[in-house]
Amino acid sequence: MTNLVNLEAVTATVPGDGSRVLLDAVSLGVAAGERVGVVGLNGGGKTTLLEVLTGVRTPDSGRVSSVRGLRTAVVTQRTELPPGAGVREVVLAGLGVSVDAGEHEWAADPRVRTVLGGLGLLADGGGVLERTVDGMSGGERRRVALAAALVGELDLLVLDEPTNHLDLEGIAWLASHLVARRCALVVVTHDRWFLDVVCTRTWEVAQGRVESYLGGYADWVYARAERSRQADAAEERRRNLARKELAWLRRGAPARTSKPRFRIEAAEALISDVPAPRNDPELLAFASARLGKTVLELEDAVLRVPGTRSGPDEPAGRTLLDRGTWRIGPGDRVGLVGVNGSGKTSLLRALTGQRALDGGRLVTGKTVRLAHLTQELPVSTLDSASSSSGVPGHLRVLEAVEQVARYVTVGKYELTASSMLERLGFPADRQWTPVAELSGGERRRLQLTRLLMDEPNVLVLDEPTNDLDIDTLQRLEDLLDGWPGTMLVVSHDRYLIERVCDTVVALFGDGRLTHLPGGIEEYLTRRAAMSDPGASARARERPAAGTGRTERAPRADDGASSAAEQREARKQAKRLERRLELLVARETELHDALVDASTDGPRLLALDAELRDVLAERGRVEEEWLLAAELAES
C-alpha cells in the first residue's frame with residue numbers, strides 16, 4: 001500500500017532546549033486510507049509529531065516526504081482562524097469556493113449541512129453561520145475549524161484533540177463520519193472510546209520513540225501488556241543466568257568469590273497487578289458509615305437559567321428543572337450527561353449550594369464533606385478544597401498538597417501526599433516543581449489532588465478528564481473505582497462514565513432528570529430519536545462502526561442477554577476480528593517462509609512449530625468470535 005507521507009530518521013527537540021529530545025531518529029509512514037491514533041504522555045511529543053508530519057515544523061534532522069498533489073487538512077490546538085472572517089466564509093473555504101459562489105455550492109453539496117449539523121453549528125436555525133469568528137469562544141472556534149476541514153475532498157486529515165469541546169452526541173457523530181470517509185487520518189486524542197471505534201493503527205510516542213501497533217485503544221492496551229510480559233520473561237531469563245553463574249562461583253575456589261549476599265525478586269506475573277473488581281457492598285458500607293442516610297436531595301426543585309448567560313454551560317432563558325425531585329444517597333455513583341448547553345454545570349452549582357434554586361428546596365446531609373471540581377481553573381492560583389485562599393506560585397507541588405494534608409485514607413489504605421501525587425501523574429522529581437511553572441493539565445491534576453487530600457465523602461466532578469493523558473486517566477479511574485463515598489460526575493468521556501459510575505441520568509431539555517438504565521447507548525438512541533424519529537430504527541439496521549455487521553436491537557422480551565452484555569460482546573467480537581486478521585496474515589507469512597527455508601532443516605522445524613501454534617490459536621479465536629457474535633446478536 002502506498003504511503004502518503006514518510007518520515008525518515010526524523011529528530012526534533014524542544015524549541016530553545018536542544019537537550020530535550022521529543023523525536024529521536026523516528027521513521028514511519030501513513031498509508032492511504034489508514035486511520036492512525038496517536039497516544040502518549042502530555043508533553044511527550046505528540047503535537048510535535050503532527051507538526052513535523054504536516055510540514056508546520058521543520059525537523060532538526062531527517063527527511064519528510066509526501067506524494068505529489070497530496071490534499072491535506074490540519075486542525076491542531078494552535079490552528080488560528082482569520083480575524084474578522086465569517087463562519088460561512090471559513091467553512092466554504094474548505095470547499096475551495098468563495099462566499100459569493102457559496103449559495104449555489106451550499107445547495108448542491110449536502111456535505112456542508114451534514115458536517116455543520118453534526119458539529120452543532122446549525123443550532124438556532126443556522127444563525128451561527130452569519131456570525132464572525134471574532135467573539136466566539138475557544139470551543140466554537142475549534143468546531144468551525146474542524147467543519148472547514150471536514151467538508152473538503154481530502155487524501156489526509158490531521159486532527160489534534162478533535163473531541164475537545166464536543167458533547168457525547170457530537171463525538172459519536174464525528175467517529176461515524178470519519179469511519180465512513182475514505183481518506184487517511186492521523187488523530188491525537190485522549191478519548192479512548194473514540195480511538196477504539198475510529199482507528200486501525202495506534203502510534204505511542206514515548207521517550208523520543210514512536211511504537212506502532214495494529215488496531216485501536218483496546219488492541220494497544222493488549223499489545224502493551226504483551227510487551228510487558230515479554231520484558232518480564234527476558235528479565236527472568238537474565239536472572240536465571242545470573243543464578244547459574246553465582247552457583248558456579250560458589251562451587252569454585254574460595255579466592256574466586258567473596259560469597260556476597262544477594263536477593264533476586266522473581267518477575268511478577270502480569271495478572272497479579274490487575275485490580276480486583278469494585279466491591280460495591282463494601283464501598284456502600286463505608287459510605288453509609290461516613291454519610292448516614294441523607295446526602296443530597298432536591299425536592300420540588302425549580303431551576304431556571306436567566307436571559308443573560310452566567311457560564312458557558314448555561315443556555316439563556318430556559319427551565320432546567322420544573323418541580324423535580326432527585327435524591328442522591330450514600331454510595332451512589334451517578335453520571336450526568338447532556339448536550340453542551342443543557343445545564344449540567346448549572347445543576348451541579350445548585351446541588352453544591354453555589355447558586356440558589358428558583359423554587360423547592362435543597363437538603364444537604366449534616367455529615368456531608370463535599371468537594372467540587374469545577375471546569376474553571378485560575379491561571380495564577382488554585383483554590384483549596386477547604387478554603388478560598390489561593391496557592392502561592394512559589395510553593396512546590398508537594399508543599400501545595402501537604403498544605404491540605406500529609407496523609408489521606410482511601411478505603412482501607414492510607415496514602416501519603418507524595419503517593420497520591422504519583423497516582424495522579426506527578427513523579428517524584430516533578431513534585432518539587434514550583435506551582436507557577438505547571439502546565440494547564442498539571443494545574444488541574446494538582447487541583448484534583450488537593451480536593452482528594454481533604455478526604456471528602458461526596459465528590460462532584462465537572463469534566464475531570466480535561467487536559468489529562470491516557471495514562472493519568474487510567475490512574476484516576478483506578479482511584480475513583482475504589483473510592484468510598486457518593487460521586488456525581490459530568491463528563492463526555494464514555495470510558496470514565498461506564499467504569500466508575502453505576503447510574504446514568506440525563507438532561508434532555510424537558511425540565512426533568514431522566515434515568516437511563518441502558519447508559520450512554522440509551523442516551524444516544526434517545527437523542528437520535530428526538531432529532532429524527534426514524535433515526536433510532538435506522539440505527540438498529542445499519543452496521544456498527546468498525547464491525548461490518550448489522551446490529552439487531554434487543555427486544556423487550558429478549559431474555560437471552562442484557563443490553564450491557566450485548567455491548568460487551570460486540571466489543572469482544574471486534575477485538576477478536578482484529579486478532580484473526582493478524583493471525584491470518586502471520587499464517588501467510590509463515591507459509592512463504594517455509595518455502596524459502598526448504599533446505600534449512602533447523603529453521604524449517606522452528607517455522608513449522610510456530611505455524612502449528614498460529615493455527616491452534618486461530619482455531620481458538622474463531623470459536624471465541626462465534627460465541628461473542630452469537631451473544632451480540634441474541
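The model is predicted, so to speak of local features a pLDDT of at least 70 is needed, side-chain atom pairs count only at pLDDT 80 or more, and totals for chains, interfaces and linings use all residues. Residues are numbered from 1 along each chain as its sequence is written, and side-chain values use heavy atoms, leaving out hydrogens and water.

**Helix α14**
- Helix α14 covers residues 440-453; helices (H or I, at least four residues) and strands (E, at least two) are DSSP runs numbered from the N terminus.
- Of the 14 residues in α14, 13 are buried (under 20% relative accessible area; exposed is over 50%, partly exposed in between, with a 1.4 Å probe and protein chains only).
- Just after α14, E455 has a positive phi of about 55°.

**Positive phi within strands**
- A9, a non-glycine residue with a positive phi of about 50°, sits in strand β1 (residues 3-14) and is partly exposed at 39% relative accessible area.
- D300 is not a glycine either, and has a positive phi of about 50°; it belongs to strand β10 (residues 296-305) and is partly exposed at 37%.

**Helices α4 and α7**
- The axes of α4 (residues 110-118) and α7 (residues 168-180) come within 9 Å and cross at roughly 145°; axes are lines fitted to C-alpha atoms over the stretch in contact, with angles from 0 to 180 degrees between N-to-C directions.
- T114, V115 and G118 of α4 meet G170, W173 and H177 of α7, contact being heavy atoms within 4.5 Å.

Conventions:
The expected span of a helix is 1.5 Å times one less than its number of residues.
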